[in-house]
Each structure stands twice: as C-alpha cells, then as structure tokens.
Amino acid sequence: MKVLITGSSGQLGLEFIKCFKKNGTDFLAPSETDFDITDPLKVKKIFDEYKPTHLINCAAYNLVDDAEDIPEKAFKINRDAVENLAKECNENDVFFLHFGTDYVFDGTKNDLYIEADAPNPLNRYAKSKYEGELKAKEAKKSLILRLSWVIGEGKQNFLYKLSGWAQKSKVLKISADEVSVPTFTFDVVDVCIKALSKNLTGVYHLTNSGYASRYELSKLFIETKNFNNIIVPVPMENFKSKAKRPLFTPMSNGLISSKLQIKIPHWEESLKRFCKEYDN
C-alpha cells in the first residue's frame, strides 16, 4: 500500500498518520497548501509524483452554520474537490476512501439509521456532503463511510470545546434532545484498516456502538475528568443557529460490523480511553 492522505492537519488525518507511522505503512500526507484538492492540476501533480495505491480523503468543510452564508465554499470542498479526487483515482486505478456524515439524514426516523434509508439533508453543509458522496461513488473502487460526532486529537471536536466551557463556567447548559453517536478517531482508523485489507467497497455507517445525547456525552466526560461542573439538560432550540439541524441521527454500525466480523467498542468505553490517552 502507498497511501495518499488529504486533510492531514485534521483530527482524522492526524490519527491515520499516527497509525501509519506505527505500523510502517508507506504514506504521504501533504499540507493543504501543497495539496489543494480544489485545484485539479495540483491533484494530478501529487498523483503523478507519488503514485499512490490508495487515497484517504480526510478533508472536509464542516462549519455548519457558516455554510449557510458561504455555501460556495462548502460545495467547493465537499463536492467539487471530491469529484477531482474521484476522477484522478479512476485515471490511476487508485482505491478511494471517503467520509460522509450522519447529517445526510433529517432525524425524523425515530430509530437507528441504516444504509438503506434515504438521505434528506436539512442544511447546506449536509447537502454539500451528500453531493460529495455521489461524486465519490463515481470512483470505480470506492468506500464511503458515514461518521458522526467525530472526536480525536486536536481542537476540532465537541469535547475540546466542552473543556474550554468547563474552565469558564461552573454550570453548563447542554442540549438533551440532540442525539447521535460519539465516534472516536482511533476506532475509525482501526476499522478502516480492516476494511481496506478486505477491499470493502460501497457505503457504510461507521460509528462507535450505542448512542447518546450531547447532555449524556457531556455528563460522562465531566465525571470521567473529575471536573466539578454542573451539567443542565436543555432543548437544542435554546441555542441560536443559522443552520437547521436534525435532532436524532444515530446510525447503526451493524452492516460493517457484520461484513468485517468485528465488534466496534461502545462510545462510553472509547470515551474513557480518550480521556486517558489525551489527558492534557
């Protein structure tokens, strides 16, 4: 394997880099400046020079509210750039691993979402990600994994923000009716390695097991870290946002677990591991 990684500075990209360094995989993870995926010529140049066998696209525009004001940026990165990558993968016979989001669903199912459920994105960010999925499918060899509430090393996740809030205020008001699956990058990468080794293709949901509200996630995190904050459950409508967000989007990881014959850890178990490994 020769793996080309986009989005090398993001929390998922960093986790892949850490894994590949540890297991000795040949990889290239250029900076966003050197590997501008919105520029077809720069994409072609990297492919021609490195000659990868696999592409892992960790790059994404995920500022949900900002996407309402500047949708062209979201679509440029989440859809048009994915089309550039898919075309280059086809021309070079490269396997394309791409990541989607639970936000492609509208949250009205009242049950865990499975791969057969029809997407119905509610906001511009979600629409850009769904259209990106369609572009990724144009690659002859592609695996699209929908993630939710991604948590890993770095400042781009909910728990990092929560830690900051906890330092500033004793009482924290957290939404109790916004529900999905906290999903940790080390588990995502572990499953991805297994999936790539079996040349799995198609669209799958990759989350930790179980599900939680933002309130439940916050409460366990605060308890695990031995903070003394008080967590108060409130409805999500208490928080002003430009983008319409789905309330209930937990996805089932049953299909990919069955395909790979694995058991993905429960989010509570992985949360405790995360707090231990990223204590600072």
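**Close-up 1. Burial of F16 and F20 in the predicted model.** Both F16 and F20 are buried in this predicted model. The two residues belong to helix α1, which spans residues 11-23. They are 4 residues apart, about one turn of the helix. A search of the whole structure returns 11 aromatic pairs.

**Close-up 2. The ring cluster containing F16 and F20.** F16, F20, F27 and F99 are linked into a cluster by ring pairs.

**Close-up 3. The edge-to-face pair of Y103 and Y125.** The rings of Y103 and Y125 form an aromatic pair with 6.1 Å from centre to centre. The angle between their planes is 70°, and the pair is edge-to-face. Y103 is located in the loop between β4 (95-101) and α5 (124-136), whereas Y125 is in helix α5, so the pair ties together parts that lie 22 residues apart in sequence. Y103 is buried, at a relative accessible area of 9%. Y125 also counts as buried, with 9% relative accessibility.

**Close-up 4. R214 over the rings of W149 and F158**. The charged end of R214 sits over the ring of W149, at 4.0 Å from the centre of that ring. R214 also lies over the face of F158, where the distance to the ring centre is 4.7 Å.

Key: Residues numbered from 1 in each chain as written. Predicted model: local features only at pLDDT ≥ 70, side-chain atom pairs only at ≥ 80, totals over all residues. Heavy atoms only, no water. Phe/Tyr/Trp six-rings, centres within 6.5 Å; stacked < 30°, edge-to-face > 60°. Buried < 20%, exposed > 50% of the residue type's maximum accessible area, 1.4 Å probe, protein only. Lys NZ or Arg CZ within 6 Å of the ring centre and 35° of its normal.
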